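Please read it alongside the coordinates.

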Amino acid sequence: MTKHDEYESPLAHRYASREIKRIFSPRERASTWRKLWLWLAEAEKELGLTQITDKALEGLRSNLVVSDEAFQVIAEEERIRRHDVMSHIFALEKDAPDAAGIIHIGATSCYVDALVTDNADLIFMRDALRLILPKIAKVIHNLSRFALKFKDLPTLAFTHYQAAQPISLGRRAAQWAQDLAMDLEDIEYVLASLRFRGAQGTTGSQASFMEIFHGDTAKIDRLNEILCEKAGFEACYDISTQTYTRKVDLRIANALSAFGASAIRVATDIRHLAHDKILDEPHEATQTGSSAMAFKSNPMRSERICSLGRKLSNISTNFSATFSSQWLERTLDDSAIRRIDIPEMFLLTDALLILLDDVTHGLVVFPAMIRSQLDEELPFMATENIIMKLVHAGVSRQEAHERIRVLSRETVETMKTNGTKNDLIARIEKDDFFKPIWDELDGMLDPKLFIGRSAEIVEKYCGSGGPLERKLETYKDYIDTTATATLAV
């Protein structure tokens with residue numbers, strides 16, 4: 001039997017990066033548990049527990065990375081014990097016999113358990129958040145550059161997916177960048193507010209540690225300070241039960257789900273614009289759009305973003321249900337679903353960022369098609385200005401409005417019925433009523449007259465010294481030195 005004979009998650013196999021998969025790998029999980037046991041033992045020895053010997057600590061330090069042989073022992077023991085943490089303790093005692101008996105002193109499974117429970121989960125989520133934040137910043141940077149490049153290129157806007165007053169293409173991209181910048185802020189916040197659970201005892205009362213340290217509460221506080229220092233956290237949560245509150249998972253999931261919604265929003269716009277042939281995602285020369293229709297060139301990257309984004313944007317529902325259904329100090333119905341959902345929400349985020357980096361770096365613009373689309377609607381956009389010019393020439397506004405209304409409806413009817421181009425201006429040029437402003441008509445059809453302050457808005461937001469540049473400053477080295485992501489498939 002090979003890997004082709006068993007199910008493998010496409011999320012890991014096809015879409016996510018090696019870096020994110022390593023964080024949530026079985027070996028990283030199991031080895032982090034061993035680090036947590038070591039840190040606990042080191043801290044307890046530092047605080048005076050004499051039964052923890054230097055030899056025992058050396059045994060733990062020498063076996064931090066879980067071997068393939070140890071995984072076999074763990075698997076066999078878990079079949080017998082039905083308890084993953086105890087199976088890992090058994091395997092570690094076998095690898096480090098001098099540490100047998102001192103592993104796990106005063107702790108519950110929630111001190112060490114990784115994808116099932118707590119301190120290791122917090123380490124993994126912190127590391128994963130640190131991995132994805134620069135990637136989000138890079139996508140925002142791509143869009144910022146694109147927005148500045150096309151800040152004054154007029155393009156038709158759409159409200160209700162109907163033609164509306166033009167904006168610039170760069171202004172539209174700046175909106176995408178702003179949405180993602182909000183996600184960046186939210187994810188930065190949940191990372192900054194992340195804390196450690198530490199050593200809190202079986203129900204969060206620290207009673208077992210009161211016994212170990214003979215009621216010396218200062219030592220218990222110092223124990224958690226040492227553990228935070230070793231794990232790289234500022235502090236522990238003030239209140240924990242047998243677990244840290246599952247509200248933490250929900251806060252992170254909400255931030256990542258919101259990013260998933262933003263990804264869909266951007267990719268859906270790109271798909272619509274690709275349909276109109278005014279903008280497209282990058283395509284390789286050998287890329288095949290359809291097995292039947294050889295002429296097709298589909299926006300498959302953006303479609304994949306929408307597909308994966310749909311999964312991510314809805315995953316917070318699971319975390320909400322898990323949080324709200326926890327009973328009292330803890331129930332184990334959080335365990336299996338968190339094993340699946342915590343890694344998956346980060347792998348989904350990572351996969352989306354790979355796609356978004358590729359797409360936003362390689363966007364292709366077709367100015368001639370943009371102008372052609374504009375030309376179909378600009379005569380209608382110009383009618384308000386035409387009315388005002390007529391009023392200035394002494395014509396009744398109500399009469400001008402009615403003449404424009406009639407000609408516009410005739411034009412639309414002809415376009416829809418016969419498939420002809422917009423000839424409203426030609427109709428106006430044949431109607432003597434509009435003779436006072438005939439000479440001004442051409443000047444009223446310059447697309448840049450209709451985009452308002454679009455270029456200025458983009459420059460203020462995306463340009464030098466603007467809010468976006470300041471927001472991305474933290475990630476400048478990563479942005480400057482990291483190559484554009486490439487797709488595996």
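1. Helices here are DSSP runs of H or I, at least four residues long, numbered from the N terminus. The model is predicted. On that numbering, α17 is followed by Gly394. The phi of Gly394 is positive, near 100°.

2. Which residues of α17 are buried? Helix α17 spans residues 383-392, and its buried residues are Thr383, Ile386, Ile387 and Leu390. They sit on the same side of α17 because they cover an arc of only 100° around the axis. Glu384 and His392 are on the other side, and they are exposed.

3. The buried residues of α17 have helical cover. It includes α16 (367-381), α18 (397-418) and α19 (424-430).

4. Now the largest pocket. Its volume is about 490 Å³. The lining has 26 residues, and Ser17, Lys135, Ile354, Ala485 and Thr486 lie nearest the centre. Two or more lining residues come from each of α1 (10-15), α2 (18-23), α8 (118-149) and α15 (335-361). The most come from α15, with 5 residues. By class, the lining of the largest pocket has 14 nonpolar, 4 polar and 8 charged residues.

5. The second largest pocket has a volume of about 380 Å³. It is lined by 16 residues; closest to its centre are Ala157, Phe158, Arg172, Arg265 and Asp269. Strands β1 (154-159) and β2 (162-168) each supply at least two lining residues, as do helices α9 (169-192) and α12 (247-275). The lining of this second largest pocket divides into 7 nonpolar, 5 polar and 4 charged residues.

Terms used:
Residues numbered from 1 in each chain as written. Predicted model: local features only at pLDDT ≥ 70, side-chain atom pairs only at ≥ 80, totals over all residues. Heavy atoms only, no water. Buried < 20%, exposed > 50% of the residue type's maximum accessible area, 1.4 Å probe, protein only. Arc of directions from axis to C-beta. Contact = heavy atoms within 4.5 Å. 1 Å grid on protein atoms, 1.4 Å probe; cavity = no way out; pocket = protein on both sides within 12 Å on 5 of 7 lines; lining within 4 Å. Points joined across faces, edges and corners; volume = space filled by probe spheres on them. Nonpolar A, V, L, I, M, F, W, Y, C, P; charged D, E, K, R; others polar.
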